[in-house]
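Me: I'd like to learn how to read aromatic contacts and cavities in a model. Can we walk through one together?

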Amino acid sequence: MRIQTLVAAMAAVASLAPVVAHAQSSSENPWMVRVRAVDLLWQNGQTSAVQSLDVKAKDQIIPEFDVSYFFTKNIAAELVLTYPQSIQIDAGGNKLGTIKALPPSLLLQYHFTDFGAFKPYVGAGVNYTIFSSRNNLSGGAYSVDNSSLGAVGQVGMDYMFDKNWGLNLDLKYATMSTNVTTAAGASAGKLTLNPWMPAVGVAYKF
């Protein structure tokens with residue numbers, strides 16, 4: 001499963017720690033976690049075939065959890081996780097059905113550290129979305145792909161109240177799309193989701 005690949009990639013990234021350990025203070029733990037509330041704002045671009053159905057994913061707020069590993073005070077890797085989310089698909093203003101999506105991302109980040117408690121960062125990486133319950137559209141008349149692989153970009157900031165706790169603001173954009181297929185196997189076009197993901201949360205540095 002691709003999520004296992006992402007977890008393995010994070011483990012491989014963390015295994016490089018001895019190489020850069022000299023860049024970390026001996027008293028500084030390299031791990032950081034965040035919990036966020038994310039507003040999924042779908043772009044809902046469509047091919048002409050799907051446009052006739054006016055197919056759209058409904059915006060929603062989801063929980064998100066991420067784990068970061070700092071190779072140095074500036075360079076970190078972040079694994080972004082959530083549980084499978086139910087996404088409502090509408091067509092022509094009416095509910096077409098609900099699918100589920102699990103969208104883990106793995107990013108490499110640069111953290112700016114010259115602003116005291118204010119610590120902005122930028123990141124880029126890959127997003128792999130796994131779709132399930134994907135045959136539930138219009139009573140099985142339509143389905144979507146198994147998965148979507150795309151790029152993800154990120155800007156954000158942590159404001160640290162002390163050495164451990166902080167406020168996190170984050171904005172990500174991911175390229176994400178899925179083909180829509182009829183029950184007979186014919187293509188009904190492509191739904192390009194490409195979500196903006198503004199988020200707010202809490203950070204904890206170990």
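Me: Is phenylalanine 71 buried or exposed?

Reply: Buried means under 20% relative accessible area, exposed over 50%, and partly exposed in between (1.4 Å probe, protein chains only). Phenylalanine 71 has 10% relative accessibility, so it counts as buried. Tyrosine 69, at 8%, counts as buried too. One caution: this is a predicted model, where local features need pLDDT of at least 70, side-chain atom pairs count only at pLDDT 80 or more, and totals for chains, interfaces and linings use all residues. Residues are numbered from 1 along each chain as its sequence is written, and side-chain values use heavy atoms, with hydrogens and water left out.

Me: How many aromatic pairs are there?

Reply: Rings of Phe, Tyr and Trp (its six-membered ring) pair if their centres lie within 6.5 Å; planes under 30 degrees apart are stacked, over 60 edge-to-face, and the rest tilted. Here you get eight aromatic pairs. One of them joins tyrosine 69 and phenylalanine 71, edge-to-face at 5.4 Å centre to centre with 65° between the planes. Trp31, Tyr69 and Phe71 form one aromatic cluster.

Me: Why is the pair of tryptophan 165 and tyrosine 204 called edge-to-face?

Reply: Because the planes sit at 65°, with the ring centres 4.7 Å apart. Tryptophan 165 is in strand 12 and tyrosine 204 in strand 15 (residues 196-205), so the pair ties together parts 39 residues apart in sequence. Strands here are DSSP runs (E, at least two residues), numbered from the N terminus. Tryptophan 165 is partly exposed at 45% relative accessibility, and tyrosine 204 is partly exposed at 24%.

Me: Which residue lies over the face of phenylalanine 70?

Reply: A charge sits over a ring if NZ of Lys or CZ of Arg is within 6 Å of the ring centre and within 35 degrees of the ring normal. Lysine 205 does this for phenylalanine 70, at 5.2 Å from the ring centre.

Me: What lines the largest cavity?

Reply: On a 1 Å grid over the protein atoms alone, a cavity is a set of points where a 1.4 Å probe fits but cannot get out, and lining residues have an atom within 4 Å of a point. The largest cavity has 14 lining residues, with Glu64, Val80, Pro103, Ser105 and Met197 nearest its centre. Strand 1 (31-40), strand 4 (60-70), strand 5 (75-81) and strand 12 (165-174) each give two or more residues to that lining.

How values were computed. On a 1 Å grid over the protein atoms alone, a cavity is a set of points where a 1.4 Å probe fits but cannot get out, and a pocket is an open set with protein on both sides within 12 Å along at least five of seven lines; lining residues have an atom within 4 Å of a point. Helices (H or I, at least four residues) and strands (E, at least two) are DSSP runs, numbered from the N terminus.
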